[in-house]
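Here is a friendly walk through one protein model, written for reading alongside the sequence and the 3D view. Please keep both open as you go.

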Amino acid sequence: MWNPFKKKQNKKFLKKSLPELKDKTRILMIDDEETSLVESLKIEGWHIKYIEDLDKYTNTDLKDAHIVCVDIKGVGKKLNIKEEGLGLVRNIKDKYPEKRIILCSSVSSHDIFDNAIDLVDKKVYKDGQTHPFDSAIEELSYKLFDWDSLIKEIYFKYKSDFGIEITLEEFSIKMKTAIDGNEIDVEKILKITAAGMKVACGIKTLLIHFVS
């Protein structure tokens with residue numbers, strides 16, 4: 001018997017095109033110095049908004065964003081964050097663990113990202129070129145909304161924590177059964193991975209934007 005709901009659900013897992021990703025992805029740039037980068041990314045087709053600093057964690061632009069680009073210097077002042085950009089990244093990740101963070105800086109003489117490696121998803125130097133940001137955003141967008149890219153990231157991120165031997169293909173097939181429309185079944189994730197609740201919740205967090 002034909003099942004219209006099943007057909008609609010299966011479409012969710014089909015390969016996404018770049019134009020589809022650009023149409024879906026929402027980006028927020030937090031930087032004390034507005035550059036031509038924002039307009040350049042808009043020309044590339046990305047939906048991006050710019051603010052010079054974050055005034056509150058309930059800011060609508062922040063809540064709506066899937067990817068947040070944060071400058072390492074000059075931001076976080078309105079919230080009295082001593083560590084500036086790194087502190088802001090930490091607080092955003094704490095409140096919105098599902099969001100992807102790009103940490104950026106115009107400093108290129110030394111590596112300033114060592115102590116932020118566990119907090120951010122991508123690190124980009126601001127050198128006036130659009131391509132590094134465009135490339136980073138595209139990569140993260142695929143990991144947010146393209147099933148094959150997302151499930152591959154999840155698999156290799158948590159594979160060592162799985163309590164059973166399972167291939168990437170098997171994991172992908174089984175994980176689809178844990179998604180019902182906009183709902184994610186944590187109990188099914190627990191059975192699929194045979195891992196603990198921490199892993200299951202971590203996987204659910206990475207899936208949140210995909211099912212939204």
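## Ground rules

This is a predicted model, in which local features need pLDDT of at least 70 and side-chain atom pairs count only at pLDDT 80 or more, while totals for chains, interfaces and linings use all residues. Residues are numbered from 1 along each chain as its sequence is written, and side-chain values use heavy atoms, with hydrogens and water left out.

## The chain as a whole

The chain contains ten helices and seven strands. Both kinds of element are DSSP runs numbered from the N terminus, helices being H or I with at least four residues and strands being E with at least two. Of its 212 residues, 46% count as buried. Here buried means under 20% relative accessible area, exposed means over 50%, and partly exposed is in between, using a 1.4 Å probe and protein chains only.

How much of the contact total, at a separation of 6 or more, comes from residues 24 or more positions apart? Such pairs account for 57% of those contacts, a contact being heavy atoms within 4.5 Å.

## Strand β3, end to end

Strand β3 covers residues 67–71, and Asp71 lies in it. Ile67 is also in β3. Ile67 is buried because its relative accessible area is 0%. Ile67 and Ile102 are 35 residues apart in sequence, yet their C-alpha atoms are 7.3 Å apart in space.

Asp71 counts as buried because its relative accessibility is 5%. Not counting residues up to four places away in sequence, Asp71 touches Ile30, Asp31, Asp32, Gly85, Cys104, Ser105 and Lys126.

## Lys49 and Asp61

Lys49 sits in strand β2 (residues 47–51), and Asp61 sits in helix α4 (residues 60–64). Twelve residues separate Asp61 and Lys49 along the chain, and their C-alpha atoms are 7.3 Å apart. Are these residues buried or partly exposed? Asp61 is partly exposed because its relative accessible area is 22%, and Lys49 is partly exposed because its value is 49%.

With neighbours within four places in sequence set aside, Asp61 is in contact with Leu28, Lys49 and Ile51.

Asp53 belongs to the loop between β2 and α4. Asp53 is buried because its relative accessible area is 8%. Which residues does Asp53 touch, not counting those up to four places away in sequence? They are Ile30, Val75, Gly76, Lys77 and Lys78. Asp53 and Gly76 are 23 residues apart along the chain, with 6.3 Å between their C-alpha atoms.

The other two loop residues concern backbone angles. Most residues other than glycine have a negative phi. Asn80, in the loop between β3 and α5 (85–95), has a positive phi near 55°. Asn80 is exposed because its relative accessible area is 69%. Ala194, in the loop between α9 (186–193) and α10, has a positive phi near 55°. Ala194 counts as partly exposed because its relative accessibility is 40%.

## Helix α10

Helix α10 runs over residues 197–211, which makes 15 residues, and spans 20 Å from its first C-alpha to its last, close to the expected 21 Å. The expected span is 1.5 Å times one less than the number of residues. At Thr205, α10 bends by about 30°, the bend being the angle between axes fitted to the seven residues ending there and the seven starting there. The buried residues in α10 include Val199, Ala200, Gly202, Ile203, Leu206 and Phe210.

## The cavity

The structure holds one cavity of 30 Å³ or more, and the largest cavity has a volume of about 30 Å³. A cavity is a set of points on a 1 Å grid over the protein atoms alone where a 1.4 Å probe fits but cannot get out, and lining residues have an atom within 4 Å of a point. Grid points are joined across faces, edges and corners, and the volume is the space filled by probe spheres set on the points.

Met29, Asp31, Glu33, Glu34, Thr35, Leu37, Val38, Tyr50 and Lys126 line the largest cavity. This lining divides into four nonpolar, one polar and four charged residues. Ala, Val, Leu, Ile, Met, Phe, Trp, Tyr, Cys and Pro count as nonpolar, Asp, Glu, Lys and Arg as charged, and the others, Gly among them, as polar.

How values were computed: On a 1 Å grid over the protein atoms alone, a cavity is a set of points where a 1.4 Å probe fits but cannot get out, and a pocket is an open set with protein on both sides within 12 Å along at least five of seven lines; lining residues have an atom within 4 Å of a point.
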